[in-house]
Amino acid sequence: MDRQDTTDYEDGNALAGPLGELFTADVTAASGRCAGCGRTAVVADLRVYAHAPGLVARCPSCDTVILRLVRAPDAAWLDLRGTVYMRVPLPPA
Ligand SMILES: [Zn+2]
């Protein structure tokens, strides 16, 4: 299957609800650096594939898996190995 098919994925806003369960800040506004190509972009720009086991978010530039999120009945599994860092905007402390 061609991963560039725009009917195959949703944008990163699809992560708002599932990640909102883990983080109090709006993570879709966070920016991160891709471990594959070094591109820095907001989470909302990721390509989210929801028909894998859990959610798989890929870099729109190089297709690297940026994050995986699997929700079990009693826990969430968050794999960020495709992310060099994530910057989450917060109100001033
Ligand atoms: Zn990339």
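The legends below describe close-up views of a predicted model. Residues carry numbers from 1 along each chain as its sequence is written, and side-chain values rest on heavy atoms, with hydrogens and water left out. Because the model is predicted, local features need pLDDT of at least 70 and side-chain atom pairs count only at pLDDT 80 or more, while totals for chains, interfaces and linings use all residues.

**View 1. An open sheet is formed by three strands in the order β3-β2-β8.** The pairing in this sheet is antiparallel, where strands are DSSP runs of E with at least two residues, helices are runs of H or I with at least four, and both are numbered from the N terminus; two strands pair if DSSP finds at least two bridges between them. Strands β3 (40-42) and β8 (83-87) stand at the edges with a single partner strand each, so one side of each has no neighbour in the sheet. On average, neighbouring strands of this sheet are turned by 25 degrees against each other, direction ignored, with axes fitted as lines to C-alpha atoms.

**View 2. Strand β2 (residues 31-34) pairs with β3.** The two strands run in the antiparallel sense and are joined over three bridges. Within this pairing, Arg-33 has Thr-40 of β3 as its bridge partner.

**View 3. Arg-71 and Glu-21 meet in a salt bridge.** The whole structure holds four salt bridges, a term that requires a side-chain nitrogen of Lys or Arg within 4 Å of a carboxyl oxygen of Asp or Glu. In this one, the distance from N to O is 2.7 Å. Arg-71 belongs to strand β6 (residues 65-72), whereas Glu-21 lies in the loop between α1 (16-20) and β2, so the pair ties together parts that are 50 residues apart in sequence. Arg-71 is partly exposed at a relative accessible area of 47%, given that buried means under 20%, exposed over 50% and partly exposed in between, with a 1.4 Å probe and protein chains only.

**View 4. The side chains of Asp-79 and Arg-68 form a salt bridge.** Here the distance from N to O is 2.7 Å, and the pair links distant parts of the chain, with Asp-79 in strand β7 (residues 75-79) and Arg-68 in strand β6, eleven residues apart. Asp-79 counts as buried at 18% relative accessibility, whereas Arg-68 is partly exposed at 34%. Through salt bridges that share partners, Arg-68, Asp-79 and Arg-81 are joined into one network.

**View 5. Arg-58 and Asp-63 are partners in a salt bridge.** Their side chains meet at 3.8 Å, N to O, and Arg-58 counts as buried, with 14% relative accessibility.

Note on methods
Axes fitted to C-alpha atoms, helices over the stretch in contact; angles between N-to-C directions.
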